[in-house]
Amino acid sequence: MAIIQLSETLINQIAAGEVIERPASAAKELIENALDAGATRIEIATAGGGKALLRVSDNGSGMDAADLELAVRRHCTSKISETLEDIRTLGFRGEALPSIGSVARLSIASRRRDSAGGHEIAVAGGKIAHMRPAAANPGTIVEVRDLFFATPARLKFLKTEKAEAGAITEIVKRMAIAFPAVRFVLSGSDRTTLEFPATGDDHLARMAQVLGKEFRDNAIALDAVREEISLTGFAGVPTFNRGNSAHQYAFVNGRPVQDKLILSAIRGAYAETIPSGRHPVAVLSITLDPALVDVNVHPAKSDVRFRDPGLVRGLIVGAIREALARDGSRAATTGASDMLRSFRPGFQPNSQRPQTAWSAETSPSRPYQPTTGFGERPQASFDGLSMPTARAEPQFSPQPAAPEPNARYPLGAARAQIHANYIVAQTEDGLVIVDQHAAHERLVFEAMRKALHSKRLASQVLLIPEIIDIPEEDCDRLMQHAAELSELGLAIERFGPGAIAVRETPAMLGEVDAHGLIRQLADEIAEWDTASGLSAKLEYVAATMACHGSVRSGRRLRPEEMNALLREMEVTPGSGQCNHGRPTYIELKLSDIERLFGRS
C-alpha cells in the first residue's frame, strides 16, 4: 500500500481527537488563551452542555488581522519560539484553535487596544472563510457552535448535557483558583449564572468562593521550600473531608494539573488520619524552574513529569504532615454544625424514637475487636464511684479536695462521662464532647510513632507464649517481616507449619488480644505486601496495635483520668481525629447552645 500525505483537515481532526475530547476540553483551551493574553475579566457562556454553544469573551490584548490568519492554522503560536525548556505560558502547542475549527463551527472576533477596529475570521469543518472587519471591544470573543458536527461518531461518546455542563464548571473553578486576580463569569441557558469576583492577592478568599466558606475555617496554610522547589497553598484539617477527590486542586507554575504523583502524595500525607473511602480537601501550588518539569507530556497538558519526582513527593508529604502536626489537631467546624442540625426542641414522639437503646457493643464507634481493655481488670469496682456533678453545695471529704482543672484549657475541664464512652468537658466559651476510645487510640499511636523513629519500642515478655493457629501462607508472610515487627515490640516465632508463637508484646499496650492482633496483621500484610516490605508500613501497623490497646468504649473513668486524657490530647499532634480518621471530639460554642434554646 502506497504512503500518501494526509490533508490538512484530516490532520487537524486527528489532533482534535486528543486535544478536544469534550466541550470542557475546548473551554479549557480557550480560557488558557484568554489568560495568556493578560485578561482580567473572562466570561463563558454555554448552551446544550457546550455542544450547541461555547462562547469565551475576554478583555485581553487582542489580535490584529495578521494574527487571526495564523491563529487558526496548525502549530502557529506566539508563546514559544525555539525551545521547550522554558515554557511560562498555559498554551504553547498551537493546536487548540485549528483542532476546534476542524470539528465545529468556529468564529473569532478580536481587536487590539491600539486599533481603531476589529476583525473576524470563521472556520467550519476545517474550511477557513475570508477575513472581514468587525465591530468589537478590545479583547477577543471566541464562539464555538455545533461541536463535533464534522465528526458525528465523537458525539456518541459524550455524556448528557448536564454532565458536560458540570465538567465545564469544574474547569472554570480550577482556573478561578489558579488566578484569583481575574473575574470569571459562567452563564448560559443550561445553567444558573456562576460568578467569581476578583480577589487580588487573597488566594484564600478565592478558595472560599469555590470550595465554600467552611474551607476558610478548616484550612491550614502551607509554605515550604526544598532545594529549588517551593510549595504554597492550603490543606484542610483531616476531619474536614469529602466523599471523593474532586476537591483536591494542584497547580504547577500556575498551570492546573491532575497529576498522579501529586494526588498520590496528598493521599500519603493524610495516611492514618482520613477514614477509608473519604478524601482530604487541599489546594497545592508548586513553583519551580520550568526546565525542571516537562509539561509537553500530553496534548491536553494536564499531566506533567518532574525531573526529580521523589523530591516533589517528599516536599508535599513533609509540608502537609508538618502543617497537620502544627495545627491539624483541631476538629472541623462542620462537626458542631452537624450536631446542631441533629438537635430538635422538645421530645420526639414515640413513633420517632429509636427502637433499640444505645450500647457500647453495637455502637458504630466501637473498637475493631472488643478485648479485655487497656491492661486493666473489669471495671466493676468503679460502679460505686460518684460521678462528677453540677451541684454546687459543698460535700464532705475526709481529705482536702484536689484543685479543679481550669476551664481555660483548650479542651476544658471534665464534667461528666455519659454512656460510659463520651466525656463532656466545659470550656471557657462552650463545651466539648470527647470519644474516649478514639482519643486514647490516637494518643497511643502518636507515642508509638514517636518511639518508633527513635529506638526499638519497649516490650513485655509473656510468661506463657501465646500460640495462634493461622494458615501457613499467613505464617510465611508474618515471619518475612518478623524483624520489623520486633522494632514495634512484637516478638513472634514460627511454631510449626501453621502456627505463630507470640513471645513479647509492646509494653505500652498493656494486655493485648494477641489472637485478634496477629490475625488482623496477617490480613493486612496479605493485602498490601509489596517489594518494599513492611518497613514502609510500620506506622500503619502501629495504628493497628494502638487500636487494640486503647481505652475501650464502656469503661468507667475517674474524673482525674478524664482530665488527664484531655490534657494529653492538648499537647499531642493530630489528636483531633483517631487513626481511622474519625473525629475524637466535637466542640459546641455557648452561642450555639443558646441558639438551640432560642436565647440569641
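Predicted model: local features only at pLDDT ≥ 70, side-chain atom pairs only at ≥ 80, totals over all residues.

Guide: Residues are numbered from 1 along each chain as its sequence is written, and side-chain values use heavy atoms, leaving out hydrogens and water.

The chain exposes about 30000 Å², of which carbon and sulfur atoms supply 53%; accessible areas come from the Shrake-Rupley method with a 1.4 Å probe, and for residues only the protein chains shown count as cover. Of its 600 residues, 47% count as buried, where buried means under 20% relative accessible area, exposed over 50%, and partly exposed in between. The chain holds 18 helices and 25 strands, taken as DSSP runs (H or I of at least four residues for helices, E of at least two for strands) and numbered from the N terminus.

Now to the salt bridges. Side chains of opposite charge can pair when their charged atoms come close. A salt bridge here is a side-chain nitrogen of Lys or Arg within 4 Å of a carboxyl oxygen of Asp or Glu, and the count comes to 22.

One of these salt bridges joins R22 and E164, whose closest N and O atoms are 3.0 Å apart. The partners come from distant parts of the chain, 142 residues apart: R22 is in the loop between α1 and α2 (23–36), and E164 is in helix α6 (residues 161–178). R22 is partly exposed, at 24% relative accessibility, whereas E164 is buried, at 1%.

E43 and R183 form another salt bridge, at 4.0 Å from N to O. E43 belongs to strand β1 (residues 41–47) and R183 to strand β8 (residues 183–188), so this pair ties together parts 140 residues apart in sequence. E43 is partly exposed at 35% relative accessibility, and R183 is partly exposed at 26%. Both residues also take part in a network of salt bridges linking R41, E43, R183 and E195.

E570 is partly exposed at 24% relative accessibility, while R567 is buried at 18%.

Definitions and conventions: Buried < 20%, exposed > 50% of the residue type's maximum accessible area, 1.4 Å probe, protein only.
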